[in-house]
Amino acid sequence: MDDLLSLVFLTLAATLRVATPLVLCAMGGLFSEKSGIIDVGLEGKMLMAAFFAAATSAVTGSAWAGVAAAIIAAEVMALLHGFACITHRGNQVVSGIAINIIAAGLTVVWGTAWFNRGGQTPPLVGDQRLLPLLLPNAGDNILVYAALLSVPLTWWIVERTRFGLRLRAVGEMPLAVDTAGISVPWLRYRAVLLCGLFTGLAGAYLSIAQNAGFSRDMTAGQGFIALAAIIFGKWRPFPTFGACLIFGLLDAIAIRLQGVRVPGVGEVPVQLIQALPYLLTVFLLAGFIGRAVAPRAAGVPYEKEH
Amino acid sequence: MAAAPAIELSGIQKSFGNVHAVRGVSLAIAKGAITGIVGENGAGKSTLMSILYGLYRADAGEVRIDGQPVRMESPHDAIAHGIGMVHQHFMLVDTFTVLENLVLGAEGGPLLAGGLAAARAELERLAREYGLSVDPDARIADLSVGEQQRVEILKVLFRGARILILDEPSAVLTPQETDRLFRILATLKERGVTIVLITHKLREIMAATDHVYVMRQGQIVADRRTAETNPEELAELMVGRKVRLQLDKIAATSGEVLLAAEKLSLVDHRGVRLLDNVDLEVRAGEIVGIAGVSGNGQSELLQILSGIRRPTSGRLTVRGRLIDAHHPTDPAEMRALGLAHVPEDRLRQGMVAAFQASETAILGYQAEPPFCRNYLLDGPAVGRHCATLMDRFDVRPRAPALRSSNFSGGNQQKLVLAREMAREPKVLLVGQPTRGVDIGAIEFIHRELVKSRDNGCAVLVVSVELDEILSLADRILVMFAGRIMGEVPAGRADERTLGLMMAGAHPAPSAVEGA
C-alpha cells in the first residue's frame with residue numbers, strides 16, 4: 001500500500017515538474033493570443049531562453065543571473081515578433097515560425113562557438129542551478145511554484161483588471177479599442193512582452209532547474225504542446241492549466257512505463273507513450289472539446305487607414 | 001448665431017493616395033441642434049467625420065470646438081473634447097457584456113470592480129434621463145441590432161460627450177427601430193446634446209434634422225435649413241443634376257410562372273434553421289421584391305435559387321426544370337436554363353476585383369462563343385463585348401482594360417448587371433441592386449430592371465432598402481428568421497406594415513408566433 005501511495009506521489013510530483021514549462025509557456029502564450037497576436041514562436045522563445053540561462057549561469061556561476069538572461073533573451077525574441085506583427089503588420093504565423101528557426105539555429109551556433117561541446121553548454125553544478133526548496137527529492141523548484149502561482153495571477157489580470165479588459169477587447173475587436181481612445185499597438189506590445197517574460201521563465205526552468213545544462217533542441221516541441229493546451233483550454237487560464245497537467249501526466253507516465261512489462265501486453269513501446277500527448281492533441285482538436293473559440297481578431301493585423 | 005458653434009471646421013483637406021476625398025470643407029455645427037450631412041456614397045461624409053473624431057488626420061485645415069482651436073490626433077482627443085461617435089459598424093465587443101463595453105477605455109482605475117459598479121449606477125441614471133434602457137449584464141451578441149445601437153449611444157453619453165456624431169445610423173434598422181432612434185435623438189436634443197447625423201437617406205434628413213449640409217465630391221455644395229428645403233432639391237444638390245425620385249412604370253402584365261419554390265428549407269451544419277418552408281413564385285413580366293432586415297435568410301435563399309447551394313429539403317422549379325434533393329443543380333446549369341444572378345456581394349461573388357473590366361464582363365460565360373474558341377479566350381472579342389456593354393449601361397470610365405476594383409461601386413454594379421442582362425435572361429435574380437451605389441446610378445439601374453420586366457423577364461429583387469422594394473416591386477414578400485412572413489401587393493404596401501412584418505409580426509395578429 002505504501003508502495004502504491006509513494007508511486008502516486010512520485011508520479012504527481014513528476015507531472016508537476018514536467019508540466020511546469022508547459023504552464024509558464026501557456027500562460028505567456030495566453031496573454032499574446034488574447035491580444036490577438038498568434039504566437040507559434042513560443043517554442044523558439046523558450047529555446048533561446050534555455051540557452052541563455054544555461055550559458056550565463058555557466059559563465060557567471062549564478063543561477064539567478066541565468067534566469068535574468070533567459071528573460072532578456074525571450075523578451076528580445078518577443079519584441080522581434082511584435083515588431084514584425086504589430087508595427088509592420090506581418091503574418092503572425094510566418095513570424096513565429098521564423099523565430100523558431102532562428103532560435104534552433106542560433107543556439108547551436110553560439111553554443112558550439114562559445115563552449116565547443118557540439119552545441120551543449122557545460123554541465124551546471126551547485127549554485128549554477130535552481131535547486132529544490134523544501135522537498136529534496138521532489139524537484140519542488142521555485143519556478144514550479146512560480147508556475148502554479150502564474151495561473152491564478154493570469155486569471156486575475158485577464159478577468160479583473162483594466163489591462164485585462166482591454167486585452168480581451170483588443171483580441172476581439174481592435175477597432176472598438178481604438179475608437180475608445182486606447183492605443184492598439186501599445187496594448188499588444190505589452191501582451192507580447194508579458195509572453196516573453198513567461199516563456200523566459202519556462203526556458204530557464206528547462207536548462208537550469210529541470211536539467212543541468214542546455215542541449216540542442218531541448219524544448220522538443222513543448223512550446224507547441226503549450227499552444228495546444230491554450231486551445232484545449234479555450235483561451236482560459238484554469239482550463240489551460242488543466243490541459244498542461246494532462247500533458248504533463250502523460251509524459252510522467254511515459255517515463256514511469258519505460259521498460260515496464262504490462263501483463264498481457266508485454267513491454268509497451270516507449271515511443272507510443274511518448275507520442276500520446278501529440279495523438280491526444282490531434283484527437284481532442286478534431287472535435288472532442290467542442291468548438292474552440294479563438295479571439296476573433298487573432299492573426300489579423302490591425303490597420304487603421306487604408 | 002450669437003453663441004459659438006459647437007463645432008467649426010475650416011478648410012479641411014484630406015487625400016488618400018491620389019484620391020482627394022475631402023476638398024477644403026468648412027462648416028459650422030450649431031449647439032443643441034440636429035445637423036444633417038447628406039451626400040452620396042463616396043462624397044466624403046464619413047472621411048470628414050473620421051477626421052473630426054481623430055481617426056484620420058487632416059492634411060490641412062482647422063477644427064474648433066466651442067470656438068477654441070483644437071488638435072485632433074486620435075479618438076482620445078475627440079473624447080476629451082466631448083465628441084462621441086456612433087459608427088455605422090458598431091464598435092462593440094460581441095463577447096462582452098453591455099457594462100464591459102460601456103467602461104472600455106473609461107474604466108476609472110486599474111482594477112475593474114469599482115469601475116463596473118460605478119458604471120452600473122451611471123447606466124441606470126442615463127437610462128432614466130434619456131429613456132435608453134438596456135440590460136447591463138446582457139452579452140452584446142445576444143442583443144438585437146437596435147439594442148446594440150442604443151449601447152453605442154450610451155457608451156458615448158457615458159463618456160460625457162456633449163456632441164454626438166451618428167454615421168448612417170439607420171442602415172441596419174427596421175423602420176420602427178429608426179423611428180425609435182429618432183425619438184431618442186429628439187430627447188437628447190432637448191437635454192442640450194448637439195447631434196450630427198450623417199446619412200444618404202433624404203427622408204431621414206427631412207424627418208430628424210434642423211439644418212443640413214450637402215456634400216458632393218468632397219465639397220460642401222449647399223447649406224440649408226431643413227424647414228426651407230425638400231427632398232427633390234437635396235437630391236438634385238447631391239447628384240448635381242435633376243433626379244427623378246419616383247420611378248415611372250406601367251402596371252405589370254404577368255404571364256406564366258418561371259421560377260417557383262416549394263417548402264424550401266435550409267439547415268446549416270450547426271443545426272440552425274436558416275430557411276423555413278419558403279414558398280414563392282415569380283412570373284414572367286413581374287418584379288417580386290423580398291424585403292427584410294439583412295441576415296434573415298435572404299442571402300441563403302438567393303444562393304439556393306441560383307444553384308450555388310443545395311436546400312436541405314423542398315423543391316425548386318426553374319422554367320419547368322424540377323430541382324430537389326434527387327435532381328441537384330449547379331450555377332452553370334441554371335445559367336443555361338436562362339437564369340441570371342446579380343449577387344448581393346458584388347466584390348466577392350459578382351466579380352474578381354483584380355481582373356480587367358472586360359474579364360469581369362464575361363465571368364460565367366467565358367467558355368462560350370464568341371469569347372472562347374478552341375479553349376482559348378479571344379481577347380479582342382472580349383474587349384469589344386465589354387465596350388458594347390459599357391456603352392449600353394453607361395459604365396464610366398469606358399475602359400475595358402481597367403482593373404475592376406478601380407471602378408466606383410455604382411459602375412461596378414452596372415458592369416455586373418450588364419453582364420447578366422446581356423444574355424436577355426428569362427429569370428433574373430438581383431441581390432441588393434443598389435448597395436453602395438450613388439443616386440444617379442440607382443435611377444439607371446431601377447429603370448433597367450423595369451425595362452427587363454416589361455420585356456417579359458421574371459425578376460426577383462432582394463433588398464434591405466425598403467424604399468427600393470416599394471418603388472420597384474409589383475409584389476412584396478417579407479422575410480424574417482428564414483420565413484416568408486407574408487405577401488403584400490405593391491399598391492397596398494406601406495412602410496409601417498412592412499416594418500412590422502420585418503420585425504417578425506404577422507400582418508394578422510393571430511398568426512404571430514415564436515418571434
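Reader: What makes B:Lys249, B:Arg453, B:Asp454 and B:Asp474 a network?

Author: These four residues are linked by salt bridges. A salt bridge is a side-chain nitrogen of Lys or Arg within 4 Å of a carboxyl oxygen of Asp or Glu. The model is predicted: local features need pLDDT of at least 70, side-chain atom pairs count only at pLDDT 80 or more, and totals for chains, interfaces and linings use all residues. Residues are numbered from 1 along each chain as its sequence is written, chains are lettered from A and ligands numbered from 1 in the order in which they are written, and side-chain values use heavy atoms, with hydrogens and water left out.

Reader: Why is B:Asp66 called partly exposed?

Author: Buried means under 20% relative accessible area, exposed over 50%, and partly exposed in between (1.4 Å probe, protein chains only). B:Asp66 has 41% relative accessibility and therefore counts as partly exposed. B:Lys31, at 47%, is also partly exposed.

Reader: Why is B:Asp142 called exposed?

Author: B:Asp142 counts as exposed because its relative accessibility is 59%. Its side chain meets that of B:Arg139 in a salt bridge of 4.0 Å, N to O. B:Arg139, at 38%, counts as partly exposed.

Reader: What makes helix H1 of chain B largely enclosed?

Author: Seven of the eight residues of H1 (residues 45-52) are buried, so the rest of the structure largely encloses this helix. Among the buried residues are B:Lys45, B:Thr47 and B:Leu48. Helices (H or I, at least four residues) and strands (E, at least two) are DSSP runs, numbered from the N terminus. Chain B has 17 helices and 22 strands.

Reader: How do you know that the radius of gyration of chain B agrees with a compact globule?

Author: The radius is taken over C-alpha atoms, and the globule rule is 2.2 Å times the number of residues to the power 0.38. For 515 residues a compact globule would be near 24 Å; chain B has 25 Å, which agrees.
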